[in-house]
Amino acid sequence: MKLNIAAIALFAASASAFAPRFASPRSHATVLSAVLEERTGQSQLDPAVIERYAALPYPDDTVLAEYVWVDAVGNTRSKTRTLPAKKAASVEALPKWNFDGSSTDQAPGDDSEVILRPCRIFKDPFRPRNDGLDNVLVMCDCYTPNGEAIPTNHRAKAMESFDSREDEEIWFGLEQEFTLFNLDKRTPLGWPEGGMPNRPQGPYYCSVGPENNFGRHITESMYRACLYAGINISGTNGEVMPGQQEYQVGPCVGIDAGDQLMMSRYILQRVCEDFQVYCTLHPKPIVDGDWNGAGMHTNVSTKSMREEGGLEVIKKAIYKLGAKHLEHIAVYGEGNELRLTGKHETASMDKFCYGVANRGASIRIGRDTEAEGKGYFEDRRPSSNADPYIVTGKIMNTIMEDVEVPDIAPMDKAVA
């Protein structure tokens, strides 16, 4: 049978649709190059198509500003605006903005405007450019049109705790744990669908190898994005439960700890969006079986704690925290009762205790701090979904109180 020229051309065009395609390397990758099924947690988007638009040049003297805020349940939200470059040069130069608070449960429908006030600027790792300007991420807090902080603006409350106490030079180091799931929200990365790993906890912590570490590329991508943004991210590691990861932010001074941790959470979620992986900050996402939960361990050090005799200052601060244990537990995150059971490297939420190098205590003093007689302490009670503004502000208020409280004996290692 003879084929006419039109038929041959049609066949060739159809066959080419099944031929492999090779895209040139991207100058700045924001999505995966592989296209896999949704349940595997990989992106369905074609990077070659995205690159077509990402490669378009920006207008001269113009930047994109992504305004980020915390919503009613502690998640981050954002929207973008175009600005002259000079208006993104400093927090003071950035204009205020607004959003529909009725759509985020932060305002009623008949008076829905919520004002975004810029607080901190970061470089935008999702829109890099090479023309000498930077697009920016803007951490904001929220106010009514009359200038009053809305009830969910915990940053404003924390600022009250840090105001007039600059001489204390309080440092915070926040350890953010999180768990990665497939998009079904039921199967953690590395787990069999509808089942559990055939090995118990142990080989997954700080692990290597495809049978042990799940989600490294996501954590590494988030790490690089945070460094680019200017966040003081100090490290990452695989955690005890498979599919669980951790990164650390700090040391940061005062309110900046909350700003940096919140922006790092935003970046984490954006990275997971690119990888099409579900990330949860729930402190106990898997309640069945013998698996660790997730926390936001909070390391604390004031100037006097870092000076000679600082260990005694640390102990006095711990005694004050113990006297207000239940107050702190009440604001240290949702679902924390599932995690703080006295098992899996936690102390029971019902009883306060502290110890040296004891990860089964409410508060841990490090061996190096004990040996040097100065340094920092770690509050292990905050959950992974705790609000860093609330946690750091509450700790600051408690340890700065001029009150006398009973001493607390350290937890014996044999009890741990």
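Mentor: C140 is buried, its relative accessible area being 4%. Bear in mind that this is a predicted model. C142 also counts as buried, at 3% relative accessibility.

Now to the sulfur atoms. A disulfide is a covalent bond between the sulfur atoms of two cysteines. The search of the whole structure returns 0 disulfides. C140 is accordingly in no disulfide, and the nearest cysteine sulfur, which belongs to C119, is 6.4 Å away. For C142, the closest cysteine sulfur is that of C140, at 7.5 Å, which is too far for a bond. The cut-off behind this is that a disulfide needs the two sulfur atoms within 2.5 Å.

Helix α4 covers residues 216-229 and helix α5 covers residues 256-275; the two pack with their axes 9 Å apart, at an angle of about 135°. The two helices are therefore oblique to each other. The crossing of α4 past α5 is right-handed. On the α4 side, the contact is made by H217, I218, S221, M222, A225, C226 and A229. The α5 side supplies S264, I267, L268, V271, C272 and F275. Sorted by type, the residues of this contact comprise 10 nonpolar and 3 polar, with no charged residue.

Methods:
Residues numbered from 1 in each chain as written. Predicted model: local features only at pLDDT ≥ 70, side-chain atom pairs only at ≥ 80, totals over all residues. Heavy atoms only, no water. Axes fitted to C-alpha atoms, helices over the stretch in contact; angles between N-to-C directions. Helix = DSSP H or I, 4+ residues; strand = E, 2+ residues; numbered from the N terminus. Parallel < 35°, antiparallel > 145°, perpendicular 65-115°, else oblique. Left-handed = near helix turned anticlockwise from the far one by under 90°. Contact = heavy atoms within 4.5 Å. Nonpolar A, V, L, I, M, F, W, Y, C, P; charged D, E, K, R; others polar. Buried < 20%, exposed > 50% of the residue type's maximum accessible area, 1.4 Å probe, protein only.
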